[in-house]
Amino acid sequence: MRLPHCYQPNDRHRAIAERTPSRADCGLPEDGFVFCCFNSPYKLTPALFDVWARLLRAVPGSVLWLYAGNPLVAGNLRREAVARGVAPERLVFAPPRPLAEHLARHRRADLFLDTLPYNAHTTASDALWTGLPVVTCRGATFAGRVAASLLETVGLPELVTDSPAAYEVLALGLARDPARLAGLKARLVAARTASPLFDGDRFARDLEDAYRAIWQRFAPAGDPR
């Protein structure tokens, strides 16, 4: 049963810690563009990492901020960065934090880079909830199309691409265009209260309508739909 907006329910009452950690608190440089991806490391692929390395080389002073709950991750990925011509210190790793604090540190990132073939799911909605734009590439499976659904529901379909090459071009363009990026962030702030993506009550009503439709089809004659 297709819902009218997005399959994913979100809670608009999720707390974001009032205190925003400094860049130094997060291990980030004081200056420079911060690409970010807080997806689980198993979602990273060599082809995707190639794209990220090219973005880092193309944007001087930029860093890539990643999640690292496993201590092996940092060493492995820094080694892969060096193999792609990127200094290892340009990868910064975020340790686990309580949810409200984790959401607050999103404010120190500039752009969230999604993964493929397995997209960000909760991590994408976390980023959007905090006002951090997400660039994604639409895949061929459910797991690879989640971020596209989230972005279209929140009113930012222009951040959805259909090829790795287009994804790279868009991410690089946004990194080089602070005014455009600021405009996207402003639209996300407005969407926190206006978008169906963060309207749990509307989601519940839509889901209840779907259940009623299923029952109305089945009850009279056992319609298997």
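C6 is buried, with a relative accessible area of 6%, in a model that is predicted. This cysteine belongs to the segment before α1 (23-26). C6 is among the residues closest to the centre of the largest cavity, and C6 also takes part in the lining of the largest pocket.

**Around C6**

- Leaving out residues up to four places away in sequence, C6 touches S149, L150, T153, L197 and F203.
- C6 counts as buried because its relative accessible area of 6% is under the 20% limit.
- Between C6 and D162 there are 19 Å in space, C-alpha to C-alpha, and the two are 156 residues apart in sequence.

**Cavities**

- The structure has two cavities of 30 Å³ or more.
- The largest cavity has a volume of about 100 Å³, and 16 residues line it.
- The residues closest to the centre of the largest cavity are H5, C6, P196, F203 and D206.
- Helix α9 (residues 200-221) supplies the largest share of this lining, with four residues.
- Sorted by class, the lining of the largest cavity holds eight nonpolar, five polar and three charged residues.
- The second largest cavity has a volume of about 30 Å³.
- Its lining consists of C37, N39, P41, L44, L66, Y67, V73 and L77.
- At least two residues of this second lining come from β2 (63-67), and at least two from α3 (71-83).
- The lining of the second largest cavity has seven nonpolar residues, one polar residue and no charged residue.

**Largest pocket**

- The volume of the largest pocket is about 300 Å³.
- M1, R2, L3, H5, C6, Y7, F142, R145, V146 and S149 line the largest pocket.
- Six of these lining residues are nonpolar, two are polar and two are charged.
- F142, one of the lining residues of the pocket, lies in the loop between β5 (134-137) and α6 (146-154).
- F142 counts as exposed because its relative accessibility of 53% is over 50%.
- Apart from neighbours within four places in sequence, F142 is in contact with Y7 and H121.

**Nonpolar core**

- The largest nonpolar core has 69 residues.
- F35, W52 and W65 have the most contacts inside this core.
- Helix α2 (residues 46-58) gives the most to the core, with seven residues.
- Not counting residues up to four places away in sequence, the contacts of F35 include L55, L56, V59, W65, L111, L113, A171 and A175.
- S62, V63 and L64 are also among the residues that F35 touches.

**Aromatic pairs**

- There are seven aromatic pairs in the whole structure.
- One of them joins F38 and W65 edge-to-face, at 5.1 Å centre to centre and with 75 degrees between the planes.
- F38 sits in the loop between β1 (34-37) and α2, and W65 in strand β2, so that the pair links distant parts of the chain, 27 residues apart.
- Both F38 and W65 are buried.

**H102**

- H102 is part of helix α4 (residues 99-105).
- H102 is buried, with a relative accessible area of 12%.
- Beyond residues up to four places away in sequence, H102 touches F38, R97 and D126.

**The cis peptide bond at P117**

- L116 and P117 are joined by a cis peptide bond, with omega at about 15 degrees.
- Most peptide bonds are trans.
- P117 is placed in the loop between β4 (111-113) and α5 (122-130).
- F142 and P117 are 25 residues apart along the chain, and their C-alpha atoms are separated by 9.6 Å.

**D25**

- D25 lies in helix α1.
- At 48% relative accessibility, D25 counts as partly exposed, because this value lies between the limits of 20% and 50%.
- D25 and L174 are 25 Å apart in space, C-alpha to C-alpha, and 149 residues apart in sequence.

Note on methods: Residues numbered from 1 in each chain as written. Predicted model: local features only at pLDDT ≥ 70, side-chain atom pairs only at ≥ 80, totals over all residues. Heavy atoms only, no water. Core = buried A, V, L, I, M, F, W, Y, C linked by side-chain atoms within 4.5 Å. Buried < 20%, exposed > 50% of the residue type's maximum accessible area, 1.4 Å probe, protein only. Contact = heavy atoms within 4.5 Å. 1 Å grid on protein atoms, 1.4 Å probe; cavity = no way out; pocket = protein on both sides within 12 Å on 5 of 7 lines; lining within 4 Å. Points joined across faces, edges and corners; volume = space filled by probe spheres on them. Nonpolar A, V, L, I, M, F, W, Y, C, P; charged D, E, K, R; others polar. Phe/Tyr/Trp six-rings, centres within 6.5 Å; stacked < 30°, edge-to-face > 60°.
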